[in-house]
Amino acid sequence: MTFVQFLFNIYAGITIAAAIGVVTVRNSVYAALCLILTFFSSAAIWILLEAEFLGIVLVLVYVGAVMVLFLFVIMMLDINREQLVERFIKYLPAGIAVAVIIAIEMIVVIQRSAFDTSEQYKAVAQNAPDYNNTEALGELLYTQYLYPFEIAAVVLLVAIIAAIMLTLRKRAVNVRSQDIEKQLRVRPEDRVRLVKMKSGQ
Amino acid sequence: MGFLASMWDLVPDVLQTIIVILLKIVAILLPLILAVAYTTLAERKVIGFMQVRLGPNRVGPRGLFQPFADVLKLLIKEVVIPAESNRYLFLLAPMLALVPSFVAWSVIPFFDGGVLANINAGLLFLLALTSLGVYGIILAGWASNSKYAMLSALRAGAQVISYEIAMGFALVGVLMAAGDLNLTKIVNAQSGSIFSWFIWPLFGLFLVYFISGVAETNRAPFDVAEGESEIVAGFHVEYSGMGFALFFLAEYANMILISALTSLMFLGGWLSPFQGLTFLTDTPVIGWVFGNGIHWLFFKISIFLFLYLWFRATFPRYRYDQIMRLGWKVLIPVTIVWIFGEMIAVGLGWKPWL
């Protein structure tokens, strides 16, 4: 076992253990933290595969932003455990069905790739020491896959606008609300009138 | 010496590398912790000066040993764990706040080649790490089981996420100007003279970056997360002794980190402002002062640290909705417009002024 394999085993073990933790721990904050650990060790595995850009972006986007918002919401929830158990039993059959389908799909995919030792699925060759994954990805994305990349960006933009439109509500006409621009534009001359009085009056 | 060298040769190769790396880490972290200690003293002295007070002057000559007295006091204080708090997360949170702010120093170059890990995607790595520090704050707020700490955690979370976007966009500008994510190469792209520093073509992004940096470290005037007039002390209200000290260590280490990054990306890091003026750099004895070197990086870092303290002494605290407005409606549009202009400049190949 080389050192890289040793590291891979450690990270893969942590990933699996944390992923099991996500679905088994009772406290939902702990579950979110387990998910963060899963992301982290998957990022480490990606970096072992010389895909440092993907690994760092996984940490940046999912751990640094998405999971912070997740924790945010979970922390404010007050979860009723009895209701949760009731619902769990209610949705159990559907859940089992989904799990079985996912498992079958995974088995089909894995049988094809990881355990096939034919020439087609050999391990990827190591890249040269000065290989830059970020540069390679950028070149591919902006030349060969330019249109899919741009279209994906536009789809995301549409999703953002849709989400904003859903939560946008017009205020009632006669409600007073704070307008920060107006507040900032206030000058003392508009508010204060200095009056000179003769002394002794 | 000969004996020591032969002893060193007996150590296996793998162990040798590990020992060298560990020594480098110590060489970075020890001065950093000392710098943090003396930043706290400098803060009290500078703010004292601005408010016409003396500041700490009892411990040691001119109060110079005050940080050590503070550390000793915090070390021997009892660590109180609130009864209904979440014990593990309560103890874990200060460490989660501290670790990212220390790890980030591993990719900071102090002089040409003077870096612990010279990685390709250094800028991205730093952006990822600076966004992790908020977990310490959020978890501390939740685990304390206190309303004040909880409110503070929510504020800090929303604030850090909003300002991270502006910060990331500012970094995109630097990346476009330097053409690389590696920090050493970014600094070397600014060599030439003082006019080839990125602060001139990227002045707007420089302002945006430093302002978002102040907001990311939860410092005044953006310190609503610890607004003592509203929510007592914020997320660390339940912490005592070393837990409290670790939060402060993290905050000050982050301040120094943001100052170092601003100097590296916009002010040419270790590059001297007198670069290219050969009559100065060729002066016999003191010529090295005008040349490139680590002392210029330290000088630039201290300028930004002083700005932090100056802000704290002079600006009133922002209202929460105004913080959000500044981040989303002012800083982000500024960065987008600036990047658009820079895109045109790079596309047309206006290299000297971008």
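Author: Happy to; what follows is a set of questions and answers on a predicted model.

Reader: Let's begin with chain A. How many helices and strands does chain A have?

Author: Chain A has eight helices and zero strands, and its pattern along the sequence reads α-α-α-α-α-α-α-α. Buried residues make up 17% of its 201 residues. Among the contacts in chain A with a separation of 6 or more, 57% are between residues 24 or more positions apart.

Reader: What makes Ser41(A) count as buried?

Author: The relative accessible area of Ser41(A) is 4%, and buried means under 20%, so Ser41(A) is buried. Ser41(A) sits in helix H2 (residues 28-48) of chain A. Leaving out residues up to four places away in sequence, Ser41(A) touches Tyr11(A), Ile14(A) and Thr15(A).

Reader: How do you know that the side chain of Ser41(A) is in polar contact with the backbone oxygen of Leu37(A)?

Author: A polar atom of the Ser41(A) side chain lies 2.8 Å from that backbone oxygen. The cut-off for a polar contact is 3.5 Å, so the distance of 2.8 Å falls within it.

Reader: Now to the two chains together. How many residues are in contact between chain B and chain A?

Author: On the chain B side there are 27 residues, in contact with 30 residues of chain A. The area buried between the two chains is about 2,500 Å², and carbon and sulfur atoms give 73% of it. Four residue pairs are in polar contact across the two chains, both partners at pLDDT 80 or more. On chain B, the elements that give two or more residues to this side are helix H4 (87-103), helix H5 (122-130), helix H6 (134-143), helix H7 (147-178) and helix H15 (320-348). The largest share comes from H7(B), with six residues. By class, the chain B side has 18 nonpolar, five polar and four charged residues.

Reader: Why is the pair Arg325(B) and Glu181(A) called a salt bridge?

Author: Their closest N and O atoms are 2.6 Å apart. A salt bridge needs a side-chain nitrogen of Lys or Arg within 4 Å of a carboxyl oxygen of Asp or Glu, so this Arg and Glu pair meets the rule. The rule finds one salt bridge across the interface of chain B and chain A, while the count over all chains is eight. Arg325(B) lies in helix H15 of chain B and Glu181(A) in helix H7 (residues 180-184) of chain A, so the pair joins two chains.

Reader: Are the two partners buried or partly exposed?

Author: Arg325(B) has a relative accessible area of 17%, which is under the 20% limit, so Arg325(B) is buried.

Reader: Which salt bridge links distant parts of chain B?

Author: Glu43(B) forms a salt bridge with Arg219(B), with the closest N and O atoms 2.6 Å apart. Glu43(B) is in helix H2 of chain B, whereas Arg219(B) is in the loop between helix H9 (203-216) and helix H10 (228-231), 176 residues apart. Both Glu43(B) and Arg219(B) are buried. Glu43(B), Arg219(B), Glu251(B) and Arg312(B) are linked in a network of salt bridges.

Methods
Residues numbered from 1 in each chain as written. Chains lettered and ligands numbered in written order. Predicted model: local features only at pLDDT ≥ 70, side-chain atom pairs only at ≥ 80, totals over all residues. Heavy atoms only, no water. Contact = heavy atoms within 4.5 Å. Buried area = accessible area lost by both parts, 1.4 Å probe. Polar contact = N/O pair within 3.5 Å; in protein donor to acceptor, adjacent residues only side chain to side chain. Helix = DSSP H or I, 4+ residues; strand = E, 2+ residues; numbered from the N terminus. Nonpolar A, V, L, I, M, F, W, Y, C, P; charged D, E, K, R; others polar. Buried < 20%, exposed > 50% of the residue type's maximum accessible area, 1.4 Å probe, protein only.
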